[in-house]
Amino acid sequence: MFSGSGGQGSALMAKMVCLGAIKENLKVVMTQTYGIEQRGGDSTAYVIVSDEPIGSPIVENDADIAVALSQSIYGNCFAGVVPDGMLFTNSSMVENPKESDAFKQVFLPVSDTAVQLGTVRCANMVMLGAVLAGTGLLKLETVEEVVRETIGNKKPQLVELNIEALRSGYSAMKKES
């Protein structure tokens with residue numbers, strides 16, 4: 001479950017995971033939900049990744065891995081993590097985190113890190129790097145390749161920044177573990 005406010009790039013994170021999973025010969029399904037606000041509303045992308053065929057595109061709200069990029073969506077993410085799952089939280093934006101013994105929470109200041117890299121707009125890639133390092137969901141190299149192909153086709157000037165952001169989040173999570 002990749003969640004944030006509109007414009008934070010939660011859907012792009014999910015898309016990168018989907019494309020990376022395909023590159024690693026995995027099966028994948030993605031769905032999205034959006035808040036009713038025209039701009040800045042909450043948005044969540046649900047992704048199922050499996051090495052087995054996925055029998056139905058229906059995605060449950062319960063997630064093994066959840067990402068909360070903003071305070072407004074944090075409560076939904078917190079409630080949606082399964083026991084023994086992981087919740088990755090942007091501590092730059094989430095001011096009132098809850099406590100849980102049922103699952104692991106990882107707090108990373110991804111927005112602050114992104115600003116240090118040059119723009120808050122790459123906070124999603126910092127977080128995605130952390131998710132990759134913390135879960136082993138996909139190889140970092142695979143997602144870097146997806147970034148080069150996907151972002152490189154539209155905005156080649158942003159490729160290296162996004163790769164640096166991915167690596168930064170990956171390294172930060174490895175230090176955390």
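A crossing of two helices is called left-handed if the near helix is turned anticlockwise from the far one by less than a right angle, and right-handed if clockwise. The model examined here is predicted, and local features need pLDDT of at least 70, side-chain atom pairs count only at pLDDT 80 or more, and totals for chains, interfaces and linings use all residues. Residues are numbered from 1 along each chain as its sequence is written, and side-chain values use heavy atoms, with hydrogens and water left out.

Helices (H or I, at least four residues) and strands (E, at least two) are DSSP runs, numbered from the N terminus. Two packed helices are described by the angle between their axes and the distance between the axes. Axes are lines fitted to C-alpha atoms, for helices over the stretch in contact, and angles run from 0 to 180 degrees between N-to-C directions.

The crossing of helices H3 and H4 is right-handed. Helix H3 spans residues 110-117 and helix H4 residues 123-135; they pack at an angle of about 120°, with axes 8 Å apart. H3 and H4 are therefore oblique to each other (angles under 35 degrees count as roughly parallel, over 145 as roughly antiparallel, 65 to 115 as roughly perpendicular and the rest as oblique). Contact (heavy atoms within 4.5 Å) is made by Val110, Ser111, Thr113, Ala114 and Leu117 of H3 and by Ala123, Val126 and Met127 of H4. By class, this contact of H3 with H4 has 6 nonpolar, 2 polar and no charged residues. Here Ala, Val, Leu, Ile, Met, Phe, Trp, Tyr, Cys and Pro count as nonpolar, Asp, Glu, Lys and Arg as charged, and the others, Gly among them, as polar.

Helix H1 (residues 10-23) packs with helix H5 (residues 140-154) at an angle of about 115°, and their axes are 9 Å apart. The crossing of H1 and H5 is right-handed. On the H1 side, Lys15, Met16, Leu19, Gly20 and Lys23 take part, and they meet Thr142, Val143, Glu145, Val146, Val147, Glu149, Thr150 and Ile151 in H5. The contact of H1 with H5 has 6 nonpolar, 3 polar and 4 charged residues.

Strands of a sheet pair through backbone hydrogen bonds, either parallel or antiparallel. The model has an open sheet of 6 strands in the order S2-S3-S1-S4-S5-S6, with mixed pairing (two strands pair if DSSP finds at least two bridges between them). Strands S2 (27-34) and S6 (104-108) are the edge strands, each pairing on one side only. From one strand to the next, the twist averages 15°.

Strand S1 (residues 2-5) is joined to strand S3 (residues 42-50) by 4 bridges, and the two run antiparallel. Within this pair, threonine 44 in S3 is the bridge partner of serine 3, and phenylalanine 2 stands opposite alanine 45 in S3. S1 and S4 run parallel and are joined by 2 bridges; serine 3 stands opposite alanine 68 in S4. S2 and S3 run antiparallel, with 8 bridges between them, and threonine 33 has threonine 44 in S3 as its bridge partner.

Helix H2 (residues 71-80) lies across S1, S3, strand S4 (63-68), strand S5 (81-90) and S6, and runs at about 160° to S5. Helix H6 (residues 159-176) also packs on the sheet, touching S5 and S6, and its direction makes about 130° with that of S6.
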